[in-house]
Amino acid sequence: MCLNKGLTYRDAGVDIDAGNQAVELMKHAVQKTYTKGVVGDIGGFGGLFSLAPYPCQDPVLVSSTDGVGTKLRLAIMMDKHDTIGQDCVAMSVNDILVQGAKPLFFLDYIAVGTLSPTQVATIVQGVAQACEESGCALLGGETAEMAGFYDTGDYDVAGFAVGLVDRSKLITGELIREGDVVLGLPSSGVHSNGFSLVRKIVFDVQHMKLDDYVEAFGCTLGEELLRPTCLYPRLVLPAIQKDLLLGLVHITGGGFYDNIPRILPKGLTARIDVDAWPRLPVFSKLQEWGQVDWREMYRTFNMGIGMILVVHQEDVDRTKATIAESGGVAYTIGTIEAGEESVVLEGDVFTSRGN
């Protein structure tokens, strides 16, 4: 008599043992992120976090969720997954930072076609390192093996951050007034926005390959484009704690034109001098290769400024010194004026056509 072997979950494309192996590979990196608020350890059905060590008179939780977008396609093409986790963390912790919140914890979600324990562990180790750098705990996450939905080697990653701020310390922009000064913190490159346009330019227009060496970058095209998004909490939180900041802007999708107006009171204009900071070669080359209008560039990309701070004129030097003490640099890039337009960009690239 012949006995038929029954189907298993692995036969359907999902390997539970591989998932368990991935957890073991990432466990040490995750545990290194644990802060004083973490309750319990890896393996629970939900992450536990106590607010008791973080006393506030009127505590407000600030949350944000985001992904990495089509930058993932480049990481997959290069089979390089050690930086994409930082991108995922940065997109959310930078967003909650602009409201004055200290990041408390982060959750990640990774969906794959076929689970490679090493690949997933590498991604999560990047997430964990970024959480540690940002002072928040990697409290939990999910790895979903979705056979038949994603191709082998493909994956998506997203994250969710929660931070804490006392209601009286919320940064909303409502205190911004005419005469205040706009400071900018440099980006590392393209960060994690605008990659649909990037891929259009480099692949469809220029027919480039990711391993092409670009003299202006001093590295290959792929190495430049995969530079991870900057993490700003370590640089900015000391200035927040000193009550120096009136407004913060994370320059993401929408660039300068769509993000800055989100914090400005009605009747005020941010006048930005785009020649006030070094323009990174990657943006100059993308503009040249794609013949992209400069206004489109400043609406799509961060153009070398990843975070904007608005401060009183008398607090400029102190704010810059505070940023420098944390290892960063802040450029004076503009002023707040009365006006109907929310953002006016000025500089050599706009001279011939206005803005």
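Gln291 is found in the loop between helix H9 (281–290) and helix H10 (294–300). Helices (H or I, at least four residues) and strands (E, at least two) are DSSP runs, numbered from the N terminus. The model is predicted: local features need pLDDT of at least 70, side-chain atom pairs count only at pLDDT 80 or more, and totals for chains, interfaces and linings use all residues. Residues are numbered from 1 along each chain as its sequence is written, and side-chain values use heavy atoms, with hydrogens and water left out.

Gln291 has a phi near 50 degrees, a positive value in a residue other than glycine. Most residues other than glycine have a negative phi. At 63% relative accessibility, Gln291 counts as exposed. Here buried means under 20% relative accessible area, exposed over 50%, and partly exposed in between (1.4 Å probe, protein chains only). His191 also has a positive phi, near 60 degrees. The loop that holds His191 runs between strand S7 (181–186) and helix H5 (195–205). His191 counts as buried, because its relative accessibility is 2%.

The structure holds nine aromatic pairs. Rings of Phe, Tyr and Trp (its six-membered ring) pair if their centres lie within 6.5 Å; planes under 30 degrees apart count as stacked, over 60 as edge-to-face and the rest as tilted. One of the pairs joins Phe149 and Tyr150, edge-to-face, at 5.2 Å centre to centre and 65 degrees between the planes. Phe149 is exposed, with a relative accessible area of 60%. Tyr150 is partly exposed, at 22%. Phe217 and Trp289 form an edge-to-face pair, with 6.1 Å centre to centre and 70 degrees between the planes. Phe217 lies in the loop between strand S8 (213–214) and strand S9 (219–220) and Trp289 in helix H9, so this pair ties together parts that are 72 residues apart in sequence. Both Phe217 and Trp289 are buried. One aromatic cluster is formed by Phe256, Trp277, Trp294, Tyr298 and Phe350.

Charged side chains also meet aromatic rings. A charge sits over a ring if NZ of Lys or CZ of Arg is within 6 Å of the ring centre and within 35 degrees of the ring normal. Arg295 lies over the face of Tyr257, at 3.9 Å from the ring centre. The charged end of Lys36 sits over the ring of Tyr54, 5.2 Å from its centre.

Strand pairing was examined next. Two strands pair if DSSP finds at least two bridges between them. S7 pairs with strand S13 (residues 331–338) in the antiparallel sense, over four bridges. Val181 has Thr335 of S13 as its bridge partner. S11 and S13 are also antiparallel, paired over five bridges. Within S13, Ile336 is the bridge partner of Ala270.

On a 1 Å grid over the protein atoms alone, a cavity is a set of points where a 1.4 Å probe fits but cannot get out, and a pocket is an open set with protein on both sides within 12 Å along at least five of seven lines; lining residues have an atom within 4 Å of a point. Grid points are joined across faces, edges and corners, and a volume is the space filled by probe spheres set on the points. The structure holds one cavity of 30 Å³ or more. About 30 Å³ of space lies in the largest cavity. Strand S11 (268–273) and strand S12 (305–311) are the elements that give two or more residues to its lining. That lining has nine nonpolar, no polar and no charged residues. Ala, Val, Leu, Ile, Met, Phe, Trp, Tyr, Cys and Pro count as nonpolar, Asp, Glu, Lys and Arg as charged, and the others, Gly among them, as polar.

The largest pocket has a volume of about 810 Å³. Its lining comprises 34 residues, of which Val23, Ile42, Gly141, Glu142 and Thr143 lie nearest the centre. Helix H1 (16–31), strand S1 (38–39), strand S4 (102–112) and strand S5 (137–145) each give two or more residues to this lining. By class, 18 are nonpolar, 10 polar and six charged. The second largest pocket has a volume of about 560 Å³. Of its 25 lining residues, Gly100, Val165, Lys169, Ile240 and Asp243 are the closest to the centre. S4, strand S6 (155–166) and helix H7 (233–241) each contribute two or more residues to the second largest pocket. Its lining has 14 nonpolar, five polar and six charged residues.
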